[in-house]
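Please read it alongside the sequence and the coordinates.

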Amino acid sequence: MLDTDALQGLPKVALHDHLDGGLRPETIIDHCGENGHALPTTDPADLRRWFFDAADSGSLVRYLETFDHTVAAMQTVAQLRRVAHEFVLDQAADGVIYAEARYAPEQHLVRGLTMEEVIEAVRDGLESGMAEAEERGQAIVARQLVTAMRHVEPSTTIAELAVKYRDEGVAGFDIAGAEDGFPPSRFKPAFDLLRRENAFYTIHAGEAAGPESIWEAVQLCGAHRIGHGVRIVEDIAVDDRGHHRLGRLASYVRDMRIPLEVCPSSNLQTGIAETLADHPVELLRRLGFVVTINCDNRLMSDTTMSREFAKLAATFGWGIDEVEALTVDAMSSAFLPHDERVALIEGIILPSFEAFRSAQR
């Protein structure tokens, strides 16, 4: 039985996890108190419930409003270091062996930090978190993705920082935020710069906006991965015999092996599907897309990687083979050097799953 407890003992890979979407409630309370930012409540348990309830609205816009409070708690070097440090420890405690933390440096300048200082603080927090996790016997590799907010005036500034710090823990670049009205092509100069510099990037698309946003992300911007991407299902038709026929875009995304960073619980909160059984993740997996499973925002969705897999296993009947294949696909899709990906797959992931099978025999 692949329940949460069993899954916590298996290695997992988190590619789509927002740093400002996974804070501990106690940390938010401490930091917002320091910064003079009012919260709905200062009771940790009540605050955790408030974030889930506020995000569980079916609206991406309302979902994004919850970040006003978490971003307010990340405005000094010490605060950013603590949040990044705890990000690593919380992921490691859930059995995650590789994690990419994405966030927008431009949102953390209220108290006078430069974007370079923000990136360096997160770098230092991730490094100290990895060191402590290793001491606990929970080794994990953590990297950061720097994100540009798609609703602001487009520039190449964040992309340039991704290149500048790529040897200091910055694995890549992303654009995030409200999709409707802010197509990825607005940031094409940033993506052109990244391609010239041989840098990696992912693009949020196919969540609030439809297949056209995925087309722009892939064909105009050259995305290496797609954040969410689940509305690619709108380019898949069912014929009279019940067979699925992929449109040109869906075929291209599948055949070019462009990974989809699927976040099931988050997708339900933002209205992608009414129930998990209705979510397209299982269809996309069966049709051969490169599907990776992610949390998006652990605080807002009250979830972990283990909980996501446990829910999917219970809903779709996934067993150890499916979870292993999805984990290998995620690790193969990471913005990490090839030899390091292979080392984690062959040295940790495959042996751990085989040990799990042996223990069940």
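How many helices and how many strands does the protein have? The protein, which is a predicted model, has 17 helices and 10 strands.

**Overall dimensions**

- Taken along the principal axes, the C-alpha atoms of the protein fill a box of roughly 60 × 50 × 40 Å.
- For 361 residues, a compact globule would have a radius of gyration near 21 Å, and the 19 Å of the protein agrees with this.

**Helix 2 and helix 3**

- Helix 2, covering residues 25–35, packs with helix 3, covering residues 44–55, at an angle of about 100°, and their axes are 8 Å apart.
- Because angles of 65 to 115 degrees count as roughly perpendicular, helix 2 and helix 3 are described as roughly perpendicular to each other.
- Helix 2 contributes Pro25, Glu26, Ile28 and Ile29 to the contact, while helix 3 contributes Pro44, Leu47, Arg48 and Phe51.
- Sorted by class, the residues of this contact of helix 2 with helix 3 comprise 6 nonpolar and 2 charged, with no polar ones.

**Helix 16 and helix 17**

- Helix 16 (residues 320–332) and helix 17 (residues 338–360) pack at an angle of about 170°, with 10 Å between their axes.
- Since angles over 145 degrees count as roughly antiparallel, helix 16 is roughly antiparallel to helix 17.
- On the side of helix 16 the contact includes Ile320, Val323, Thr327 and Met331, and on the side of helix 17 it includes Arg341, Leu344, Ile349 and Phe353.
- The contact of helix 16 with helix 17 divides by class into 10 nonpolar, 2 polar and 4 charged residues.

**Aromatic groups**

- With rings paired if their centres lie within 6.5 Å, the count comes to 5 aromatic pairs.
- Phe173, Phe191 and Tyr201 are linked into a cluster by ring pairs.
- Arg225 has its charged end over the ring of Phe335, at 3.8 Å from the centre of that ring.

Key. Residues are numbered from 1 along each chain as its sequence is written. This is a predicted model: local features need pLDDT of at least 70, side-chain atom pairs count only at pLDDT 80 or more; totals for chains, interfaces and linings use all residues. Side-chain values use heavy atoms; hydrogens and water are left out. Axes are lines fitted to C-alpha atoms, for helices over the stretch in contact, and angles run from 0 to 180 degrees between N-to-C directions. Helices (H or I, at least four residues) and strands (E, at least two) are DSSP runs, numbered from the N terminus. Angles under 35 degrees count as roughly parallel, over 145 as roughly antiparallel, 65 to 115 as roughly perpendicular and the rest as oblique. Contact means heavy atoms within 4.5 Å. Ala, Val, Leu, Ile, Met, Phe, Trp, Tyr, Cys and Pro count as nonpolar, Asp, Glu, Lys and Arg as charged, and the others, Gly among them, as polar. Rings of Phe, Tyr and Trp (its six-membered ring) pair if their centres lie within 6.5 Å; planes under 30 degrees apart count as stacked, over 60 as edge-to-face and the rest as tilted. A charge sits over a ring if NZ of Lys or CZ of Arg is within 6 Å of the ring centre and within 35 degrees of the ring normal. The radius of gyration is taken over C-alpha atoms; the globule rule is 2.2 Å times the number of residues to the power 0.38.
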